[in-house]
Amino acid sequence: MMISSAMNAKLNEQIQGEFSAAHGYLAMACAFDAMGLKILARKFLGQHEEEREHGMKILHYLQEVGGTVTLSAIDEPRTDYTTAESIVTAALDSELHVTKMINEVMALAESEKDYATRSFLQWFVDEQVEEVSQMTDLLNLVKMAGGNLLQVEARVRHEMMSNK
Ligand code: FEO
């Protein structure tokens with residue numbers, strides 16, 4: 001095995017964190033859908049898929065370096081959302097939480113001089129900068145729009161189309 005057992009455990013924790021984030025986004029997408037905000041629902045479904053891919057990326061890395069994948073229970077997602085703002089606030093909190101987790105794995109890789117894992121994790125560090133920034137912008141947009149969520153939907157739809 002190319003990694004330490006401590007790193008193996010930490011990467012399994014990160015898989016759990018990514019899958020829990022994915023599950024959280026799925027619940028958020030359902031909450032948007034229930035509010036009739038179909039574009040935001042679609043955007044958050046996309047986030048759900050991305051988080052799932054993050055979990056799978058780590059899982060495959062663990063296999064590649066000869067580690068042991070241990071799957072654990074996924075956190076039950078919050079479902080008591082009543083406003084779009086509460087959903088996006090929770091999404092930003094989730095991204096900040098995942099960022100903190102990634103930074104902790106990175107710190108372990110550095111302290112162990114595990115350069116392969118450090119290199120692998122750099123993509124996640126960069127990805128978190130993008131995701132935190134994206135959710136911060138969306139939260140500001142929702143706050144600025146006040147009750148006019150259709151305007152938010154139009155803007156998000158436009159961004160989704162131009163990112164294709
Ligand atoms: Fe994979 Fe946005 O955390």
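Predicted model: local features only at pLDDT ≥ 70, side-chain atom pairs only at ≥ 80, totals over all residues.
Local features were considered at pLDDT of at least 70 and side-chain atom pairs at pLDDT 80 or more, whereas totals for chains, interfaces and linings use all residues. Residues are numbered from 1 along each chain as its sequence is written, and side-chain values use heavy atoms, with hydrogens and water left out.

Helices were assigned as DSSP runs of H or I with at least four residues, numbered from the N terminus. Helix H1 comprises residues 5-34. Gly36, which follows H1, has a positive phi near 85 degrees.

H1 packs with helix H3 (residues 84-111) at an angle of about 170 degrees, the axes being 10 Å apart; axes are lines fitted to C-alpha atoms over the stretch in contact, and angles run from 0 to 180 degrees between N-to-C directions. The two helices are therefore roughly antiparallel (over 145 degrees).

His48 lies in helix H2 (residues 38-64) and counts as buried because its relative accessibility is 15%. Beyond neighbours within four places in sequence, His48 is in contact with Ala22, His23, Tyr25 and Leu26 (heavy atoms within 4.5 Å).

Lys113, in the loop between H3 and helix H4 (115-145), has a positive phi near 55 degrees although this residue is not glycine. At 58% relative accessibility, Lys113 counts as exposed (over 50%).

How values were computed:
Buried < 20%, exposed > 50% of the residue type's maximum accessible area, 1.4 Å probe, protein only. Parallel < 35°, antiparallel > 145°, perpendicular 65-115°, else oblique.
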